[in-house]
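This briefing goes with the structure shown below. Please keep the sequence at hand while reading the points that follow.

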Amino acid sequence: MSSRDTTTHHSPLTIALPWLADDLDDLARQNLRRERRTVTPLPDGRCRVEDRTLVNFASNDYLNLANDPRVVEAARQAFGEAGAGARASALVCGRTAWHEQLEARLATFERQEAAVLFPTGYAANVGTIAALAGPDDLVCCDRLNHSSLVDGCRLSRAKLLVYRHDRLDRLARALHKARTRRRRLIVTDGVFSMDGVLAPLRALCELADKFDAALIVDEAHASGVFGEHGRGAAEHLGVEDRGIVRIGTLSKAVGALGGFVAGPQPLIDWLWNTARTQMFSTALPPAVCAAATAAIDIIESEPWRRERLHALSERLRQPLAAARIRTVPNSTGPIVPVVVGLPEAAVAAGRALEEAGFLVASNRPPTVPRGTSRLRISLTCAHGEDDVDRLAGALVQTMHAVAQSRPVTYT
Ligand code: PMP
């Protein structure tokens with residue numbers, strides 16, 4: 001089947017929405033139009049795209065668990081017993097023993113009293129923020145936060161402050177000004193997904209304490225990856241016991257699908273009762289829960305995966321630094337962003353790498369701020385040292401070619 005766009009411009013719907021074709025052309029003119037492709041995952045950090053095998057540096061399967069035989073077998077068994085779908089939302093009749101087991105497993109893994117599942121990490125973020133803040137409150141959202149956090153803030157109808165984590169004095173002022181509001185929330189990614197930079201969680205905890213605010217941390221790219229036991233940026237930065245609302249996703253290092261919040265029982269009970277993306281959406285498929293439970297067992301018992309990931313990340317960063325190729329300052333861990341600047345340059349660099357045998361994401365606005373289009377390399381512990389060395393060589397070549405054609409900007 002072709003992956004080409006097959007939209008017809010003459011259907012009754014496109015006649016009713018006559019602006020669609022023009023606006024799509026506009027996106028294309030700005031090099032911002034997205035094209036979808038069909039990708040077949042393969043073992044050893046590889047994938048197949050249009051009859052070519054590429055080394056896959058675009059996947060979030062950081063710990064190589066999506067295809068782990070133990071994870072797949074757990075899913076297969078549950079699939080055989082429970083079938084494909086959950087049949088209803090969790091509160092109606094969709095919460096099976098596999099859901100219950102995963103909630104309990106997440107609570108122990110996160111060292112919390114309880115956990116609640118959501119259909120995706122996106123839904124967990126949107127539903128949780130909207131359940132914890134309302135029109136009388138202030139929510140403070142880092143400008144680099146993932147869209148799902150931004151959407152949750154907007155949906156809450158609270159007053160929204162967008163802050164920069166390199167200007168926490170402004171955040172402090174806004175929190176001070178909002179001291180008479182009903183509630184104050186600070187919302188941040190644990191690791192910023194496009195920058196691979198850790199949030200300043202210690203400083204944010206101090207501000208939360210000082211201004212009687214709640215801190216919500218989305219550990220999507222940090223769970224399983226950071227912290228001695230894989231409990232994310234909060235563990236890595238030593239703030240686990242500071243009363244943070246912890247949100248995670250099961251779609252990245254856990255290799256499956258779904259989102260969750262782990263915390264004290266009253267918080268979890270509140271989310272069972274009020275988080276609309278959980279209440280009004282079908283529960284996760286039981287087989288996905290079984291897969292995630294098996295994956296968490298592996299995350300706990302095989303720390304070598306995390307250690308290897310960080311070693312590979314160092315191995316890639318060193319030659320890039322030596323060749324003066326710009327990653328984002330302070331970026332660390334398996335997300336290695338190479339900032340290119342213009343969207344067309346990012347797309348061209350992505351194509352050149354693909355020619356060389358590597359699949360790398362080219363991120364453009366609105367995924368990243370204007371002027372900072374980039375290659376986002378994500379490493380997994382399935383990659384070989386040789387894959388990383390060859391990628392570094394190809395990146396150096398590609399970036400030199402890009403630098404010769406136009407200046408690199410990073411703001
Ligand atoms: N938070 C962050 C930081 C993310 O990068 C993503 C996914 N890209 C999500 C949340 C959403 O998670 P999910 O894919 O499980 O919906």
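Asn31 is found in the loop that runs between helix 2 (19-29) and strand 1 (39-42). The model is a predicted one, and in this model the phi angle of Asn31 is near 60°. That is a positive value, and Asn31 is a residue other than glycine.

**A cis peptide bond**

- The peptide bond that leads from Pro365 to Pro366 is cis, and its omega angle is near 5°.
- Pro366 is placed in the loop between strand 15 (361-363) and strand 16 (373-378).

**The aromatic pair**

- A pair of aromatic rings is described by two values, the distance of the centres and the angle of the planes.
- Searching the whole structure gives one aromatic pair.
- Its members are Phe57 and Phe358, with 6.1 Å from centre to centre and 45° between the planes, and the pair is classed as tilted.
- Phe57 belongs to the loop between strand 3 (52-56) and helix 3 (69-82), while Phe358 belongs to strand 14 (residues 358-359), so the pair ties together parts that lie 301 residues apart in sequence.

**Residues around the ligand**

- The ligand is surrounded by 14 residues, and the closest are Asp218, His221, Thr249, Ser251 and Lys252.
- Sorted by class, this shell holds nine polar, three charged and two nonpolar residues.
- Helix 6 (residues 121-132) supplies the largest share of the shell, with three residues.
- The ligand takes up the space of the second largest pocket.

**Polar contacts and cover of the ligand**

- The side chain of His221 has an N or O atom 2.6 Å from an oxygen atom of the ligand.
- In the side chain of Ser251, an N or O atom is 2.9 Å from an oxygen atom of the ligand.

Terms used
Residues are numbered from 1 along each chain as its sequence is written. This is a predicted model: local features need pLDDT of at least 70, side-chain atom pairs count only at pLDDT 80 or more; totals for chains, interfaces and linings use all residues. Side-chain values use heavy atoms; hydrogens and water are left out. A residue is near a molecule or strand if one of its heavy atoms lies within 4 Å of it. A polar contact is a pair of N or O atoms within 3.5 Å; within protein, one must be able to donate a hydrogen and the other to accept it, and residues adjacent in sequence count only if both atoms are side-chain atoms. On a 1 Å grid over the protein atoms alone, a cavity is a set of points where a 1.4 Å probe fits but cannot get out, and a pocket is an open set with protein on both sides within 12 Å along at least five of seven lines; lining residues have an atom within 4 Å of a point. A molecule sits in a cavity or pocket if more than half of its atoms lie within 2 Å of its grid points. Helices (H or I, at least four residues) and strands (E, at least two) are DSSP runs, numbered from the N terminus. Ala, Val, Leu, Ile, Met, Phe, Trp, Tyr, Cys and Pro count as nonpolar, Asp, Glu, Lys and Arg as charged, and the others, Gly among them, as polar. Rings of Phe, Tyr and Trp (its six-membered ring) pair if their centres lie within 6.5 Å; planes under 30 degrees apart count as stacked, over 60 as edge-to-face and the rest as tilted.
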